[in-house]
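Grab a pencil and keep the 3D view open. Here are some exercises, each with a solution worked out step by step.

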Amino acid sequence: MNQALEALLDLLDLEQIEEDIFRGVSRSALVPRVFGGQVAAQALVAAGRTVPDDRPAHSLHAYFLRPGDPGAPIVYTVDRIRDGRSFTTRRVVAVQHGQPIFHLSASFQTYEEGLEHQTGMPPALDPETLPTAAEMLPRHLPKDVADRLVETRAAVDLRYADTPPWGTVGQPREPRSQVWFRANGKLADDSLLHVCLATYVSDMTLLDSVLLAHGRGGWAVGDVVGASLDHAMWFHRPFRADEWLLYDQESPTSSGGRGLGQARIWTQDGRLAVTVIQEGLIRVPR
């Protein structure tokens, strides 16, 4: 396990300061605010710590309310909304400087048999044949920006199946993108940890497809400014975040300064593991 992954796992190991109250710290991000995937993953950790182990998460719905301050701790307060025979519901509020910055609702369910089907996995290149971030990013970005992006993503082996938005600035493309990802090391056999790692990664590239439609390079090159607004995930089947997962993403629409991204996460053997939808604020600088 590399040091970056160890640091990320430490970040997700929240300090419990009272019953149903937890405290987390932040790590540096590419932009001067707390990375949204970090807040979402930490909030899900807080919720999961109050739920029996035999009830894995099956969905989350979240709103990003204010930019987080990376220099200050984040306090997560969990409300035990419901404990039913099959489902458990939790609501989490993340607070900094006396103000809520993030709301999360999460639902957990005991395992049960039921009807099952899924659509087919889309074609995708073998992740082992794709360049790593450290190999690919310097081809398209200034060295200081590439180094910074590689550093902030070092806990995850994330590989683009095609050229990322900042590699085709000024050239609108079909609003679809694919990345493969996995944790950069072996993880413990803890289903909540694997779900939280996927939640963390899910906020990294989901709005890329919006940028592709307009030939914009994004935050890495500064031709748009933006932030995540809301985020939803449904966890359909068990998976391991330390094994290759395909993040197949597309954007059906953008308007009103907002762009919508939707995606599916597949295991390498073709099982549909997660569905993700996010809307983000995307503005062209004046």
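**Exercise 1.** Find the bridge partner of Gln-262 in strand 12.

*Solution.* Start with Gln-262 and look across to strand 12: the partner there is Ile-277. Next, zoom out to the strands, which are DSSP runs of E with at least two residues, just as helices are runs of H or I with at least four, all numbered from the N terminus. Strand 11 (residues 258-267) and strand 12 (residues 272-283) are antiparallel and share nine bridges; two strands count as paired if DSSP finds at least two bridges between them.

A quick note on the numbers: this is a predicted model, where local features need pLDDT of at least 70 and side-chain atom pairs count only at pLDDT 80 or more, while totals for chains, interfaces and linings use all residues. Residues are numbered from 1 along each chain as its sequence is written, and side-chain values use heavy atoms, leaving out hydrogens and water.

**Exercise 2.** Work out the strand order of the open sheet and name its edge strands.

*Solution.* Step one: trace the 12 strands, which pair antiparallel in the order 1-2-4-5-6-3-9-12-11-10-8-7. Step two: look for strands that pair on one side only, and you get strand 1 (15-18) and strand 7 (156-160). Step three: check some neighbours. Strand 5 (residues 87-96) pairs with strand 6 over 10 antiparallel bridges, and Val-92 sits opposite Leu-104 of strand 6. Strand 6 (residues 99-109) is also joined to strand 3 (residues 57-64), by seven bridges, with Ala-57 facing Phe-108.

**Exercise 3.** How do helix 1 and helix 5 cross, and which residues make the contact?

*Solution.* First, take the axes, lines fitted to C-alpha atoms over the stretch in contact, with angles from 0 to 180 degrees between N-to-C directions. Those of helix 1 (residues 3-12) and helix 5 (residues 191-205) come within 12 Å and cross at roughly 105 degrees. The two helices are therefore roughly perpendicular (65 to 115 degrees). Then list the contacts (heavy atoms within 4.5 Å): Leu-8, Leu-9 and Leu-12 from helix 1, and Leu-193, Leu-197 and Tyr-200 from helix 5.

**Exercise 4.** Is Val-201 buried or exposed, and which residues does Val-201 touch?

*Solution.* Locate Val-201 in helix 5. Its relative accessible area is 2%, so Val-201 is buried (under 20%; exposed is over 50%, partly exposed in between, with a 1.4 Å probe and protein chains only). Leaving out residues up to four places away in sequence, Val-201 touches Val-156, Leu-158, Phe-181 and Tyr-247.

Terms used:
Angles under 35 degrees count as roughly parallel, over 145 as roughly antiparallel, 65 to 115 as roughly perpendicular and the rest as oblique.
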